[in-house]
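Here is a brief report on charged side chains and how they pair up. Start by looking over the chain.

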Amino acid sequence: MENLDDLQNELVAAVNAAATLGAIEEIRISALGRKGRVTSLMKGLGALAPDERRAAGQSLNVVKSVVTDALESRRDALSEAELDAALARDRVDITLTARPENEGRLHPISQTIDEIIAIFGEMGFALAEGPDIEDDFHNFTALNIPPEHPARQMHDTFYLPEQPDGTRKLLRTHTSSVQIRTMQNCEPPLRIIVPGRAFRCDSDMTHTPMFHQVEGLIVDKTVHMGHLKGCLIEFCRAYFETPNVPVRFRPSFFPFTEPSAEVDIGCSRSGGTLKIGEGDDWLEILGCGMVHPKVLDACGIDSTEYQGFAFGMGIERIAMLKYGMPDLRTFFDADMPWLRHYGFAPLEVATLLRGLTP
Ligand code: DAH
């Protein structure tokens, strides 16, 4: 049998000289694999006399374990070195500025919602949400729009297939349904705004089947129309960033408010361009009113003790007015050049202190 010390020294030296994980594996196979040198010597033990066999067997086991240990520690050292190299190679400098050509833009709807939240948030309103798929009760009946009411036709509702009990769910036609859910689930006083999607089967220059609204609701013991006016005038001034923008409350009708009003802001349209805050033209931007006692009662709030005001406005509409987009449908075209033009820097957060728009 060959000299085992020489064999062990030779193998350990080879292991320590191996430069890659692949080279280590080759040495392992050539020494300890099925046809490896150490394995072959072990197979040859059977031909030896019993005494010789025991001594040689013990020595071979020592060689095997020394080589195995050497392989393992070399493998660990190389893996660690490889990891260090990868970490050094893949290092990212997080202090580098973004590449402007790769920067994403915030959609004007998102920006407008952020601005609305910043303004009403400052006035102490909390955010509320509700489901896009609604039932008849929350979207209509509880809002004082009973089954045969003409307002149901005006809403061009998308209905879902009939359920086994004969009822049909629908896509909410306005965010007013969240007024109902909030009043059912929370104790007054309430002060919420609800930005969200609404759906109506309608499509032209000024209507898309899906659009966004923001609903507002206050319920308390002494709120009155004066609070409603003050709150919405303040909103218009802050949102259009025009301190003296004229605001007009015009009597109107909604089943869920009494009295009801629509709010117009002053503008001029001379020369084909729209200017907010000057001239003597008017533009309608929202509907509002004092919450109808029947609506409070439908939600289990005592209308002899509590009253409230509510408002609702179209987000696309006020975004178009502020940022001068002529066609509503372009909001949903997912057109990159449009988004680059009308979009907003994503990290400039809208606040009243620093200014709403970057
Ligand atoms: N829900 C109405 C619509 O979609 C908007 C509206 C008007 C909401 C008056 C209100 C309100 O809360 O008081 O046309």
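## A pair in the strand region

Asp281 has a relative accessible area of 32%, so it counts as partly exposed. This is a predicted model. Asp281 forms a salt bridge with Arg269, at 3.1 Å from N to O. Arg269 sits in the loop between β8 (257-268) and β9 (275-276), while Asp281 belongs to strand β10 (residues 281-291); the bridge therefore ties together parts that are 12 residues apart in sequence. Arg269 is partly exposed too, with a relative accessible area of 42%.

Salt bridges with shared partners also join Arg248, Arg250, Glu262 and Asp264 into one network.

Arg37 is partly exposed at 32% relative accessibility. Glu10 is partly exposed at 43%.

Lys322 and Glu115 form a salt bridge at 2.6 Å, N to O. Lys322 lies in helix α11 (residues 315-323) and Glu115 in helix α5 (residues 108-122), 207 residues apart. Both residues are buried.

## A negative surface patch

Asp69, Glu72, Asp76, Glu80 and Asp84 gather in a patch of negative charge on the surface. Glu80 is part of helix α4 (residues 50-89). Its relative accessibility is 53%, so Glu80 counts as exposed.

## Domain layout

The chain divides into domain 1 (4-89) and domain 2 (108-332). Their C-alpha centres lie 78 Å apart.

Technical notes. Residues numbered from 1 in each chain as written. Predicted model: local features only at pLDDT ≥ 70, side-chain atom pairs only at ≥ 80, totals over all residues. Heavy atoms only, no water. Patch = residues over 30% accessible without salt bridge, like charges linked within 9 Å, V, L, I, M, F, W, Y side chains within 5 Å. Areas by Shrake-Rupley, 256 points an atom, 1.4 Å probe, with all protein chains shown as cover. Salt bridge = Lys/Arg side-chain N within 4 Å of Asp/Glu carboxyl O. Lys, Arg positive; Asp, Glu negative; His and termini not counted. Charge placed at Lys NZ, Arg CZ, Asp CG, Glu CD. Helix = DSSP H or I, 4+ residues; strand = E, 2+ residues; numbered from the N terminus. Buried < 20%, exposed > 50% of the residue type's maximum accessible area, 1.4 Å probe, protein only. Domains from an automatic or database assignment.
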